[in-house]
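Here are some exercises to work through with the model open beside you. Try each task before you read its solution.

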Amino acid sequence: MMKRSLVFALALVSTGAFAQTLYSFESDLQGWADLAGDPVITLAQSTTGATNGTQAMSITWSGGFGWIGTSSTAGAVETALHGANQILMDITVDPGFVGQSNWANMLVAYNDGSYGWRQTGTSTTIPTAAGLHTVSVDVSAIQAPNLSNPWFQVFIGVNSANAGPRTMYVDNIRAVPEPASFIALGVGALALLRRRRAR
Ligand SMILES: [Ca+2]
């Protein structure tokens with residue numbers, strides 16, 4: 001019983017069933033911009049690629065590496081990322097993408113006044129085949145935000161071959177909580193069940 005609860009909790013975590021939506025781009029880009037001034041990247045709202053609501057964020061770039069990020073996202077986003085070891089996002093790749101580059105990948109970085117800039121050590125593959133992909137970024141190795149810090153930024157670095165402009169669409173960027181909190185939940189639920197049965 002105990003074991004089954006744990007396996008069930010871990011299975012839910014691995015599928016992202018409890019993921020919390022951070023960005024869905026419904027009313028605007030929620031602060032996302034080409035903060036580094038990389039001239040190759042253009043961001044816009046788009047109905048194409050919307051998997052949560054009716055709007056997504058289009059990312060168009062002409063190749064090479066560039067960062068996009070939020071101006072400051074202290075609050076709910078910071079709190080969710082504080083307890084997250086994985087970020088999921090839905091990426092819809094334009095059919096013209098693969099003709100410009102047959103590879104693409106990304107990095108994720110956090111920035112705040114407590115721990116400074118830190119980024120994922122390995123890049124995460126972005127599929128270049130046309131269509132919808134759910135991409136998972138492991139952020140367990142980077143220092144979580146310090147919640148007492150008044151400002152916090154999250155960045156995504158995108159990279160692909162130098163070639164003509166190509167577009168992908170991102171929606172429903174979400175945080176997946178650490179398994180430990182769900183194991184605690186599972187154990188708590190089990191204790192509750194036992195107490196009920198004992199009555
Ligand atoms: Ca959306």
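**Exercise 1.** Find which strands pair with β7 and in what sense.

*Solution.* Start with β9 (residues 124–125): β7 pairs with β9 in the antiparallel sense over two bridges, where strands are DSSP E runs of at least two residues, numbered from the N terminus, and pairing needs at least two DSSP bridges between them. Here N105 has T125 as its bridge partner. Next, take β8 (residues 118–119), which is antiparallel to β7 and joined to it by two bridges; A109 is partnered by Q119. Five residues separate the strands of this hairpin, and G116 has a positive phi near 70°. Finally, β11 runs antiparallel to β7 with nine bridges, and N111 stands opposite Q153.

Two notes before you go on. This is a predicted model: local features need pLDDT of at least 70, side-chain atom pairs count only at pLDDT 80 or more, and totals for chains, interfaces and linings use all residues. Residues are numbered from 1 along each chain as its sequence is written.

Notes:
Helix = DSSP H or I, 4+ residues; strand = E, 2+ residues; numbered from the N terminus.
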